[in-house]
Amino acid sequence: MTSITTINQYLKYGLHVIVTWPGTPLPSLRKFCWTIAMSVLQTYQYGYVISRIESNTLVETLDNLSICMPFCLVFIKLCIIWTHPRILFELLSTMEEECRKYAALDTNNFISKTAQQSFRLTSFMIYIIAVATIFYMFGAIVSQDPNVTSSRSLLLKMDLPFDTSESPIYELVMCLQIIYQATTAYTIAVFNSLLLIVVLHVGCQIDVMCHALREVPYKSKKQLQFFITRHQEIITFADRLEKIFTYMALSQLLSNTLLICCLGYVIVIAIQADDGFVLLIKCVLFYVVICLEIFIYCYAGEYLSTKVIQQQLIVHICSPSKLITDTAYQILWYNLDPNEVRLLILVILRSQKGFTFTFGKFASLSLKSFMAIMKASASYISVLLTMS
């Protein structure tokens, strides 16, 4: 019988693709190919934007810039995760080991429920980003002028050093761009799913630990030692999560604020224009995915501090740290030895500090952060509309 794990097959395959799963063959060569391909293609993309800033309108410039930034963000995330392979390997191995090791204590099936949630979330992320990518490709193809045959536009605007208007070079470049865009979109879905699944795993293991202690009355010092050791393991796991994702969150925050601003402005102009329907096809779902991305990071920070635990028909809202504090207090501490009570006090004090997820170690991520980002982006859109 195979053990249940919170890491689903979709995520494992995606981590193989971006060369981050332990044991992936030829990691150095594949990372080198990733780096060369993304560096060269982004150079041509930004070269196109820079060379046409003066000739293009503001809408065209922001439209071209908005498709360049997600590729740059993916490349930054890949560099971050490739420079922390040991931490990521420890996270992934710990997740599988904990699911196998503590399955016997999981009488409420928290691990299996979390595994189902991780599968649904990964599937949803892949589907929504795939649909947004298809709509963007369709909008880019439809927006081409059929009367202009001398200079056929590409799916992704690039300033390539050769003529792409002639066949079969044009078709070959278009196929390569489709592969490039589809691979990048899949990588975005993998990163978002990875963060959500790791955060859900933290909450799952806290639930397993606390409910296992609540269901069995305190009888021996071994139970207290298990509680303290397990709490320390969860703290270590949360610290590793913070180390590997904090700078990803910072780059995501900066990039998505600019993207929401650019795409929001383009959508407003497209709504006002008579022929803006094609532009709306390209940008609306793209805008939704960008907002969803930053929401995921903010939700992950909020989840570590406040999560919903549903038991039967009663819903209790409490934080993982408060759940640990309540569990520690419900142990019959007044029947313990003084030395054991002192250890329990340390657990309560540490759990009150809570778990935090920050962007660049500057501030904690939460739903308030998401609202602040959306407000700031709306203000920038208003400035651009006033300038135009």
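Helices here are DSSP runs of H or I with at least four residues (strands are E, at least two), numbered from the N terminus. Axes are lines fitted to C-alpha atoms, for helices over the stretch in contact, with angles from 0 to 180 degrees between N-to-C directions. This is a predicted model, where local features need pLDDT of at least 70 and side-chain atom pairs pLDDT 80 or more, while totals for chains, interfaces and linings use all residues. Residues count from 1 along each chain as its sequence is written, and side-chain values use heavy atoms, leaving out hydrogens and water.

First, select helix H2 (residues 27-51) and helix H6 (residues 169-215): their axes come within 12 Å and cross at roughly 115 degrees. The two are therefore roughly perpendicular (65 to 115 degrees) to each other. Now show side chains: Trp34, Met38, Leu41, Gln42 and Gln45 of H2 meet Tyr180, Thr183, Thr184 and Thr187 of H6, contact being heavy atoms within 4.5 Å.

Next, select Glu60, Asp63, Ser143, Leu279 and Lys282, the closest to the centre among the 24 residues lining the second largest pocket. On a 1 Å grid over the protein atoms alone, a pocket is an open set of points where a 1.4 Å probe fits, with protein on both sides within 12 Å along at least five of seven lines; lining residues have an atom within 4 Å of a point. Which helix gives the largest share of the lining? Highlight H3, with five residues. Overall, the lining divides into 13 nonpolar, six polar and five charged residues.

Key: Angles under 35 degrees count as roughly parallel, over 145 as roughly antiparallel, 65 to 115 as roughly perpendicular and the rest as oblique. Ala, Val, Leu, Ile, Met, Phe, Trp, Tyr, Cys and Pro count as nonpolar, Asp, Glu, Lys and Arg as charged, and the others, Gly among them, as polar.
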